[in-house]
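This briefing covers packing, aromatic pairs, salt bridges and a surface patch.

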Amino acid sequence: LSLLEQVVNYGGQSPSLEDVSEALGVLSVALLAELFAAIVERSAKRALDAVAEIDRRGYDYHDVLKRLARCFQEALFHQLNVGTPSSWLFSSPQSAEPLQKLSRADLLRYLSLVLQLGERLSRSVYPRLTFEVGLLMLLELEPAHSLDELLKRLTALSSGASLQVAVPSKSPEPPLVPAPDTFEAFVLEVSKARPALASVLE
């Protein structure tokens, strides 16, 4: 069967884009957008559900990562006003809204981690597990803070209440014991603590 015949057999005379993707074994835009949004919004359940659907449809994890890296690359270039990004990435609310929460530094870090995950996946004998662990690591990525923002926070902290350094209190010193004024008195004092030594002094 030709590719067109496969699509018609699968989705009928008016197949949807999802039907075409399913018939040809190509990762659908909707599923890619869901995975992308799950990462950006740091939703572990949505990300793992997307992985389960990817596995159910038999998509290649390397191909998924390539397209995911392309998403972050286009999002980064869009903020830099470079190139022409895919229309679905910015026209669909599913992916466009989460993108507004990311800075250039965030997108750059996401892209770098996705590329690193691709390298680990190529050496792994457990592709799905490696893919899932890599996605969960992406979800733990904290938002990047600019240097100006950090300086503002430090300024706010320094202009607040002055730091109070606790000075440890000194323990009371033991009372001074007057020294014995005669040798006999000295021997007597020694005998209280060291009888054996006192017998030699006597």
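This is a predicted model: local features need pLDDT of at least 70, side-chain atom pairs count only at pLDDT 80 or more; totals for chains, interfaces and linings use all residues.

Residues are numbered from 1 along each chain as its sequence is written, and side-chain values use heavy atoms, with hydrogens and water left out.

**Nonpolar core**
- The largest nonpolar core has 34 residues; such a core is a set of buried Ala, Val, Leu, Ile, Met, Phe, Trp, Tyr and Cys residues joined through side-chain atoms within 4.5 Å.
- Buried means under 20% relative accessible area, exposed means over 50%, and partly exposed lies in between (1.4 Å probe, protein chains only).
- The residues with the most contacts inside the core are Leu-35, Ile-39, Ile-54, Leu-68, Phe-72, Phe-131 and Leu-135.
- Two or more residues each come from α3, α4 (44–57), α5, α8 and α9, and α5 gives the largest share, nine residues.
- Helices are DSSP runs (H or I, at least four residues), as strands are (E, at least two), numbered from the N terminus.
- Leu-35 touches Ala-47, Ala-50, Ile-54, Val-64, Leu-68, Phe-131 and Leu-135, leaving aside residues up to four places away in sequence; contact means heavy atoms within 4.5 Å.
- In soluble globular proteins, nonpolar side chains tend to be buried together.

**Aromatic pairs**
- The whole structure contains three aromatic pairs. Rings of Phe, Tyr and Trp (its six-membered ring) pair if their centres lie within 6.5 Å; planes under 30 degrees apart count as stacked, over 60 as edge-to-face and the rest as tilted.
- Phe-36 and Phe-72 have ring centres 4.8 Å apart and planes at 45°, so this pair is tilted.
- This pair links distant parts of the chain, with Phe-36 in helix α3 (residues 29–40) and Phe-72 in helix α5 (residues 61–79), 36 residues apart.
- Phe-36 is buried at a relative accessible area of 0%, and Phe-72 is buried at 0%.
- Phe-72 and Tyr-110 have ring centres 5.2 Å apart and planes at 15°, so this pair is stacked.
- Phe-72 in helix α5 and Tyr-110 in helix α8 are 38 residues apart, and both are buried.

**Salt bridges**
- The count of salt bridges is nine, each being a side-chain nitrogen of Lys or Arg within 4 Å of a carboxyl oxygen of Asp or Glu.
- Glu-34 pairs with Arg-46, their closest N and O atoms being 2.9 Å apart.
- Glu-34 in helix α3 and Arg-46 in helix α4 are twelve residues apart, and Arg-46 is partly exposed at 26%.
- Glu-34, Glu-41 and Arg-46 are linked in a network of salt bridges.
- Glu-53 and Arg-56 form a bridge at 2.6 Å, N to O; because they are three residues apart in helix α4, about one helical turn separates them.
- Glu-53 is partly exposed at 22% relative accessibility, whereas Arg-56 is exposed at 56%.
- Glu-74 and Arg-70 form a bridge with closest N and O atoms 3.2 Å apart; Glu-74 is buried at 9% relative accessibility, while Arg-70 is partly exposed at 44%.

**Surface patch**
- Val-125, Tyr-126, Leu-129, Val-133 and Met-137 form a nonpolar surface patch with about 540 Å² of accessible area together.
- Patches are made of residues with over 30% relative accessible area and no salt bridge, with like charges joined within 9 Å and nonpolar side chains (Val, Leu, Ile, Met, Phe, Trp, Tyr) within 5 Å.
- Accessible areas come from the Shrake-Rupley method with a 1.4 Å probe; for residues, only the protein chains shown count as cover.
- Val-125 lies in the loop between α8 (104–123) and α9 (127–139) and is exposed at 66% relative accessible area.
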